[in-house]
Amino acid sequence: MNRIVYLNGHFSDEKDAKISIFDRSFLFSDSVYEVTTVLDGKMIDFDNHMKRLDRSMSELKFPKMLNHDSIKKFHKDLIVKNELKEGIIYLHVSRGVADRSFNFPPKNIDLTVVAFTQEKKLLKNDEVANGIRVMTVEDKRWKRCDIKTTQLLYPSFAKAQASEKGFDDAWMLRDGYISEGTSNNAWIIKSGNILTREADELILNGITRQSVINCAKLLGYKISYKGFTLDDAITADEAFITSATTFVTPVVNINGKQIKDGKPGKFTGQLREEYIKNSLKTAI
Ligand code: PDD
């Protein structure tokens with residue numbers, strides 16, 4: 001990899017981009033992020049990612065906000081400079097550099113803004129073709145999962161645990177209900193009804209989730225904003241995950257128990273196609 005990356009208004013070779021050891025992101029994970037999909041060299045759902053970024057920053061009382069047009073400009077520049085066709089742009093905003101103190105630093109310090117591209121095969125891959133196998137773990141995250149912070153150690157730990165046991169990902173369980181995947185929203189389809197839990201403080205309200213809800217409505221499906229248990233999921237007709245990096249990807253097995261015939265579901269496939277078609281139409 002020899003990427004051109006963005007740091008605080010400047011582009012540089014990835015090996016030359018450096019941040020301070022006093023950055024609040026490094027010391028406290030005092031930072032938020034967004035991951036925007038790039039397909040065919042264009043960004044999917046950029047405006048909605050910016051709305052969520054603003055929300056995350058304001059929930060954490062960041063004293064300054066960022067201008068969306070300038071973010072759009074450096075995202076587009078990154079796509080061009082790195083000749084990115086299919087993959088993601090990762091954007092990370094930290095409260096900035098200050099002496100280590102648990103209290104928030106003075107409001108006049110500058111935010112640290114980092115962005116880089118990552119190539120990824122999103123349209124066609126084995127996970128889409130075969131579906132994924134997930135393992136459940138207890139959801140031990142804090143209770144503000146609606147804020148997209150870079151505090152990602154527990155999800156990373158859960159994913160590694162799942163991987164060590166031969167699974168593709170983990171679904172997290174809180175109070176008997178599936179909350180979400182380590183980095184995606186969890187869904188099931190049961191008796192013609194699509195279930196996605198209410199977007200409260202215990203899950204991230206995925207941008208892909210919001211678009212897929214619209215796609216499901218366009219296709220005439222019924223949606224219930226209801227939590228579901230592990231048992232509901234294992235006995236569902238279909239299950240899937242959504243995120244900017246997986247779009248709509250089938251789940252075919254949970255904790256070693258296969259869902260129906262253990263093959264990717266038909267409605268899941270339709271939703272994925274509709275999602276990709278609509279996203280490409282509005283990509284910028
Ligand atoms: N993760 N839930 C969690 C916990 C997530 O981390 C993500 C996204 C989602 C889906 O959100 P969206 O549809 O906006 O991508 C749900 C990104 C992809 C990541 O951390 O890489």
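View 1. Strand 3 (31-39), helix 6 (207-218) and strand 13 (238-243) each put at least two residues into the shell around the ligand. Keep in mind that this is a predicted model.

View 2. Domain 1 (4-119) and domain 2 (126-282) each give at least three residues to the ligand's shell. The space the ligand takes up is the largest pocket.

**View 3. Who's in the shell.** In total, 18 residues surround the ligand, and the closest are Tyr33, Glu180, Ile207, Thr208 and Ala244. Sorted by type, the shell residues come out as nine polar, five nonpolar and four charged.

View 4. Zoom in on Tyr33, and you'll find a polar side-chain atom 2.5 Å from an oxygen atom of the ligand. Over at Glu180, a side-chain N or O atom sits 2.6 Å from a ligand nitrogen atom. As for cover, the ligand has 480 Å² of accessible area on its own, and the protein covers 89% of that.

Technical notes
Residues are numbered from 1 along each chain as its sequence is written. This is a predicted model: local features need pLDDT of at least 70, side-chain atom pairs count only at pLDDT 80 or more; totals for chains, interfaces and linings use all residues. Side-chain values use heavy atoms; hydrogens and water are left out. A residue is near a molecule or strand if one of its heavy atoms lies within 4 Å of it. A polar contact is a pair of N or O atoms within 3.5 Å; within protein, one must be able to donate a hydrogen and the other to accept it, and residues adjacent in sequence count only if both atoms are side-chain atoms. Accessible areas come from the Shrake-Rupley method with a 1.4 Å probe; for residues, only the protein chains shown count as cover. On a 1 Å grid over the protein atoms alone, a cavity is a set of points where a 1.4 Å probe fits but cannot get out, and a pocket is an open set with protein on both sides within 12 Å along at least five of seven lines; lining residues have an atom within 4 Å of a point. A molecule sits in a cavity or pocket if more than half of its atoms lie within 2 Å of its grid points. Helices (H or I, at least four residues) and strands (E, at least two) are DSSP runs, numbered from the N terminus. Ala, Val, Leu, Ile, Met, Phe, Trp, Tyr, Cys and Pro count as nonpolar, Asp, Glu, Lys and Arg as charged, and the others, Gly among them, as polar. Domain bounds come from an automatic or database domain assignment.
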